[in-house]
Protein chains: 2
Amino acid sequence: MIKVGIVGYGNLGKGVSIALSKASDMECVGIFTRREPSSITPEIPLPVYSMDKLMDFKGSIDVLLLCGGSATDLPNNTAGILKDFNTVDSFDTHAKIPEYFEKLDKVAKENGTLSAISIGWDPGLFSIARALFGAVLPDGKDYTFWGKGVSQGHSDAIRRIDGVKNAIQYTIPIEDALIKVRSGENPDLSVGEKHYRECFVAIEDGADKEKIEKQIVTMPNYFADYKTVVHFVSEEEVKKMQQKLAHGGFVIRSGSTSENINDILEFSLKLDSNPQFTASVLVAYARAVARLKDEGKTGCVTVFDIPLKYLSPLSEDEMRKHLL
Amino acid sequence: MIKVGIVGYGNLGKGVSIALSKASDMECVGIFTRREPSSITPEIPLPVYSMDKLMDFKGSIDVLLLCGGSATDLPNNTAGILKDFNTVDSFDTHAKIPEYFEKLDKVAKENGTLSAISIGWDPGLFSIARALFGAVLPDGKDYTFWGKGVSQGHSDAIRRIDGVKNAIQYTIPIEDALIKVRSGENPDLSVGEKHYRECFVAIEDGADKEKIEKQIVTMPNYFADYKTVVHFVSEEEVKKMQQKLAHGGFVIRSGSTSENINDILEFSLKLDSNPQFTASVLVAYARAVARLKDEGKTGCVTVFDIPLKYLSPLSEDEMRKHLL
């Protein structure tokens, strides 16, 4: 049995607890939180501990699934945790991944631990599609579209702005761009020409709407490169929208193997719950981290470094027999 | 530069020569054939050698791309070649893969070589989709559909029947099955309930149509489990159909992460030329074989064993920066 722990118990942490309850080769020792443990009633019966108790579990947890956000939780905390534990996280600030990787790779190698970063569906499964498609169809272009759906990372980033009580952000593909790509026309499209971002924001009484809107639309990495629409709404409205966490998207590569011989490769997802699905991907990669660590692997890894055989609960023989 | 050779020069071999001409990190030393070398005029200017000369290249070729068929060429020849060379092939008789793997794994380990088998889009990319989807969405069902398109392996198998001059086989999804799967209904479908197989066969004068038809429809692994329709047509008609080698298909997994929270994952291909695309996949995996061999890896491997970083001509840093 692979022994794991959950760090952080928001939507992603809840999803991880549910996904782990279905993994017969994994055992969850508990949830670790910065909140008061008694304030949490887990969806799945699991002990809840304060983060202060984490070190008591050193040596008895194979992998920690880090379920914090990418804006501050993961950049601030992962390196410290990685000194004593193997980790998996869903760090999704694309532009900062190289820097995050370098930092964790160094810590992990110094401490003999292993960290799989940027696991989920984008980065994650969509990255796999982009890398695979580019390798097998080198003469082509690829396009990633998201939505319509809530981006947890972007909603989180808005919520961290002073004066914001709550917020939700929808990423929406620009229909015209989508039609062009699927036709094999291979248009040049900047990231902001493929989607727009719609934000619903509830603010504190007396907060400066104009200033908050400006902070959102100019936020680097998150909103600056997109057409962004901000709506100020009541906290109740935001809460209602937060009940529905559907998402989806697709990666398309359109290219050719020789003149006038064209191919279209496509990977798509339609998800009722973005955090539950991301959690399910994290659990598969936690299995991989435990197995790779057993083989002596240390450092920082991404989906590009991990063979599929490590993700599946099936044996290699079974995989070849049933899935190849 | 990775030095490679092409063994066999049918449609797949031609596709490989074209794909290699676009890979700036690979150099093709030549084509090896069982035919009279002077009878071959390659699409891309490359030397053509008799298979008898292959051993002269021992030590100066990093990987051989084996472009023979799965019915007899690969089962008969790969093990012998693997004693002296690293190989990549597109062995696609699904039911016989475990046996083929075991045999080659033994030969490769005894001889310190490396063999990547069953590379292409199915087995190959579709296998990746099945394994990945199953690992990240364990509570679900997956479905593979092919077509409409020509199956090279099945056409080849018909052509090997006594009395058959030429033949082409189309695999066609059963529309009703497709609709059910995409709806998330999760129907139980046998492989033969998802597709039918349509064969166009030209026979020798005086050959026994009834006997040939029976040999086709009862052929194990290839046709026995499918509704198969056989049409006897002229050799000219078959040849005309053989000019068009379009194919495609998709892998869908429909499942749930918790009650009433459902996800649909889909991977699809639309290919103008099945052999050219399969060739392009073989070339990416030839790169992986050369790199893995450099790291000391020996034995037999499949798409489940090879991390994506080995397939891409990009550096690991570039992949994390641009594709993750």
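Hi everyone, let's start with one pair of side chains: B:Lys22 and A:Asp139 form a salt bridge, 3.7 Å from N to O. A salt bridge here is a side-chain nitrogen of Lys or Arg within 4 Å of a carboxyl oxygen of Asp or Glu. Before going on, this is a predicted model, where local features need pLDDT of at least 70, side-chain atom pairs count only at pLDDT 80 or more, and totals for chains, interfaces and linings use all residues. Residues are numbered from 1 along each chain as its sequence is written, chains are lettered from A and ligands numbered from 1 in the order in which they are written, and side-chain values use heavy atoms, with hydrogens and water left out.

How many salt bridges does the rule find across the interface of chain A and chain B? Four. In this interface, 62 residues of chain A are in contact (heavy atoms within 4.5 Å) with 62 residues of chain B. The buried area, meaning the accessible area (1.4 Å probe) that two parts lose on being put together, summed over both, is about 5200 Å² between chain A and chain B. Carbon and sulfur atoms give 63% of that. On chain A's side, A:Phe304, A:Arg320 and A:Leu324 supply 16% of the area buried against chain B, more than any other three residues.

Now let's look inside chain B. B:Leu74, B:Pro75, B:Thr78, B:Ala79 and B:Leu82 in helix α2(B) meet residues of helix α3(B), including B:Tyr100, B:Leu104 and B:Asn111. Helices here are DSSP runs (H or I, at least four residues), numbered from the N terminus.

Key:
Helices (H or I, at least four residues) and strands (E, at least two) are DSSP runs, numbered from the N terminus.
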